[in-house]
Amino acid sequence: MVEMVDMSVISPGIALNDFLPIFVSSALVIVFGGFYVGIYTAVKVGMFKKWAMPLAYVFWLLTAYCLYIMGSLMHVGDFTAKALGMAMIGYLLLPHAVYYMQHQVHEENDH
Amino acid sequence: MTNKSVWSDSRFWQRSASWVTGFAAILLIWLTFDTSAQISMGTDSDLQNGVTKRVPGPTVINYKITYEMSTKRGHEVPVIGEKEKFFGRDDYSEEEAGELLHLGKLGSQAKNCMDCHTLLGNGGYYAPDLTKAWLDPAWGPEGSLQAMTGKNTKEEAMAEFLQHPSQYPTHARMMPNLGITAKEAKGLVAFLKHLSSIDTNGFPRNFGKIQGAIHGK
Amino acid sequence: MANNHLTGIGSESKQLATWYLTVAAILFGAQLLFGLVAAIQYVMPGFLFEILDFSIARMLHINALVVWMVFAMFGSVYWLLPDETGIETIGIKVGKLLFWVFTAAIVVVVLVFLFVQVGPADETTIWFITEGREYIEAPRWADIGIVVVVLGFVFNLYATGMKGNRSGIVTVIMADMLAFAGIYLAGMFFTDNITVDQYWWWWVIHLWVEATWEVYVGALAAYGLITMIGAHRKVVEMWLWIEVAMLFGSGILGMGHHYFWIGTPEYWWEIGALFSALEPLPLVAMFIHVLYDWGKTQGAQEALGKKTSVINNKPAFTWFVLNAFGNFLGAGVWGFFHTMPQVNLYTHGTQFTSAHGHLAFFGAYATILIGMMYLAVQGTNGIKVLRSTKTSIWAVSMIAGGVLGMTVALTLAGYVQVLVSRAQMGATWAGYFDGQSGMWFSQAMDWRLLMGFVTFLGFLLLAKDLLTTGKNPVHER
């Protein structure tokens, strides 16, 4: 039988032009992610005004978008794609959970 | 005192931290057992019977090694081929080859190779990666480095260079003389040949395809 | 508030802490000097050729780094122990003796590195000259000595923690330091199998810098927040446990990202990718935490009608905030963008790694340990509120700016290397030197050297400030 070379199993290399967008988008994942939790916390502790809150969520959206770009340019596998998706949802919830807990401890100990 | 919620209970988090850490550590230890079995060094009979090991035995120096794209794995893997002479012989016993490798590995540490070069990609970034140095076209029969030393085989060329590196400058950045003896050089070359036979999951990618990078321009 | 923390006078533990911190600062200077030599060699390859070659300069650069940080970590523990436990450290005499043993051993190791450099390919070299394994080159005799010293330190810590008031911070440090000491043993054997060698080598390197050291920094930050801005201990300690869970939960298996290409099985790709993606989370969390506590305590103060700052040690607090930010930037951003196996295949072993290494070691560790030096200055001089001086502001700006500049330059160099040496030419000898000869690469190396000088000048100012600010009349006593 003639061996058919199935190109789809050869993990695709990264195109030269894709390296820069990959590096930039993955750096921005963390930077925007930092803005998201930073603004969220700052609003909650009263360092920023309330109206800044939607801005925090805009940054979460940007984070997720950059992660999507990064993942697709890197040709990540199914498993990794799912893991990254889960990480983004976890990330959305993280500051809420953190703030909730910190706040409770303060309430319980300050009064 | 108001009611304490579990989420703000320090002891709850202390216990969680211990459980998470313990669980991660146990998983790591379990994976270490599995990995250790897979990365233990092969034997001479493995090589004779065509048993593929991630880290072949030292007698791999008796064979020709190439680095080829595997359609099954999706990346390049080292392929051990027919017999090939190494310093004029292709019949090193397990003991002889083991001694050469031992000498070479010790030498690689005693001369601080890793503080300029990378081995398996780890080390200093001041000099070329040595993971697949044995397969580098520059050391091959047509290669500039072999020609420079005036030797007829790859192993002799490499050994000559290692003993007198500053006589053969390849770049403004030169390798210093580290007092490597002829015997040590032979061991180091055996170490490098063995290193190139290790299955590194396709690192480095596109090795040696100077013009032929998949998306090269 | 928190004034009982401020007097170092009369505590032997705090005196020993200042010894450790002083040697740490000297070694920090040595680290920068050898780094400069190595950086000059990239620009002028003939510099000190066959006298103090790159391999030796770099070895001293990275070993001085590890050792000064370990010294500063020990010093910081001896500093905070009396505050946290409420008693004098037990076994302080032994601790002082071990300090001198440790310092003397380091001096001998450095002299051998400098003047003997390499040895013949046999076991005597491994025992007495160098082990030749990046970061832990110290010869075997010194390894054993280090284990003895560390065990002595851990004994003091445990004895004190168990007799005195064992706070959450002390509990975390106790557990962490035991792991820190135990892991070192994984790096003390020789094997012909380089894959096995690197497998265990990473246990030391990774489980130190991405697990136990990070947890240690979490504990120091907790101590700092309580001491400097009077943060609520309950909140801080609960938060510390959450950080421990997050750091160990992601960091221990994050080891996978070092097992992509060293001969280990392919399943490490998925493990490494998954846990590496989680590793920035605790760093982000630590960052929010500092912001949160600062906002809360300042808010509470202002609610009482006081407009003054809650911070009682401005320079130390600056370094602590820089730590939260630098950890996030250096370990988080610079770590994440080359951690996925798909990309790491091309970036592994390039100047990217070096860029990440510079910013992460600085951001995550150097900053907070320098902060501890300022806390020690405040304590030993009995100062109530330590203010920033012009020198301290210049020092922090130049050091942080210099390191960030070096990082950006190295990142550019790494980018050139990835495109030329890796993606196109596949890491051959010729590919390597093609990448190194490009204009972008060589200019990046010029900038790195310049920024290295800026960092070193910043260090000189820092040294001056640490030595003189204690007597400066601007502080509130």
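Where is the place of Tyr135(C) in chain C? I started my notebook with that one, keeping in mind that this is a predicted model.

**Entry 1: Tyr135(C)**

I found Tyr135(C) in the loop between helix 4 and helix 5 of chain C. I looked up its phi and got a value near 75°, which is positive in a residue other than glycine. Most residues other than glycine have a negative phi.

**Entry 2: the domains of chain C**

Next I looked at how chain C is divided. The domain assignment gives domain 1 of chain C as 9–166 and domain 2 as 168–310. I noted 21 Å between the C-alpha centres of these two domains. Where they meet, 20 residues of domain 1 of chain C are in contact with 18 residues of domain 2 of chain C. On the domain 1 side, I listed helix 2 (54–85) and helix 5 (140–163) of chain C as each supplying at least two residues. Helix 5 of chain C has the largest share of that side, nine residues. I sorted the residues of this domain 1 side by class and wrote down 13 nonpolar, three polar and four charged.

**Entry 3: helix 7 of chain C**

I wanted to check the length of helix 7 of chain C. Its 36 residues should span 52 Å at 1.5 Å a residue, and the end C-alpha atoms are 49 Å apart, which agrees. Helix 7 of chain C does have a kink of about 50°, and I found it centred on Trp208(C). How many of the 36 residues of helix 7 of chain C are buried? I got 33, so the helix is largely enclosed by the rest of the structure.

**Entry 4: where chain C meets chain B**

This contact takes 65 residues from chain C and 74 residues from chain B. Several helices of chain C each give at least two residues to the side that touches chain B, among them helix 4 (123–128), helix 7 (194–229), helix 13 (351–380) and helix 14 (390–424). Which helix of chain C gives the largest share of that side? I found it to be helix 8 of chain C, with eleven residues. By class, I noted 33 nonpolar, 20 polar and twelve charged residues on the side of chain C that touches chain B.

**Entry 5: along chain B**

I turned to chain B itself. Its domain assignment gives domain 1 (11–37) and domain 2 (41–196), and the C-alpha centres of these domains of chain B lie 38 Å apart.

I followed the hairpin next. Strand 1 (residues 63–70) and strand 2 (residues 75–83) of chain B run antiparallel and are joined by seven bridges. I noted Glu68(B) standing opposite Val77(B) in strand 2 of chain B. The hairpin has four residues between the strands, and Gly74(B) takes a positive phi near 85° there.

Then I looked up Asn112(B), in the loop between helix 3 (94–110) and strand 3 (118–119) of chain B. Its phi is near 55°, positive in a residue other than glycine. Asn112(B) has 29 C-beta neighbours inside 10 Å, so I put it down as buried.

Helix 6 of chain B is mostly covered, with 13 of its 15 residues buried. In the segment after helix 6 of chain B I found Pro204(B). Phe203(B) and Pro204(B) are joined by a cis peptide bond, with omega about -10°. Most peptide bonds are trans.

**Entry 6: chain A**

I ended with chain A, which has three helices and zero strands. Of its 111 residues, 34% are buried. I also looked at contacts in chain A with a separation of 6 or more, and 65% of them are between residues 24 or more positions apart.

Where chain A meets chain C, the contact takes 34 residues from chain A and 33 from chain C. Helix 1 (19–44) and helix 3 (78–110) of chain A each supply at least two residues of the chain A side. Helix 1 of chain A gives the most, with 14 residues. What are the classes of the residues on this side of chain A? I wrote down 23 nonpolar, eleven polar and no charged.

Notes: Residues numbered from 1 in each chain as written. Chains lettered and ligands numbered in written order. Predicted model: local features only at pLDDT ≥ 70, side-chain atom pairs only at ≥ 80, totals over all residues. Domains from an automatic or database assignment. Contact = placed C-beta atoms within 7 Å. Nonpolar A, V, L, I, M, F, W, Y, C, P; charged D, E, K, R; others polar. Expected span 1.5 Å × (residues − 1). Bend = angle between axes of the 7 residues up to and from the residue. Buried ≥ 20, exposed ≤ 12 C-beta atoms within 10 Å, placed from the backbone. Pairing = 2+ DSSP bridges.
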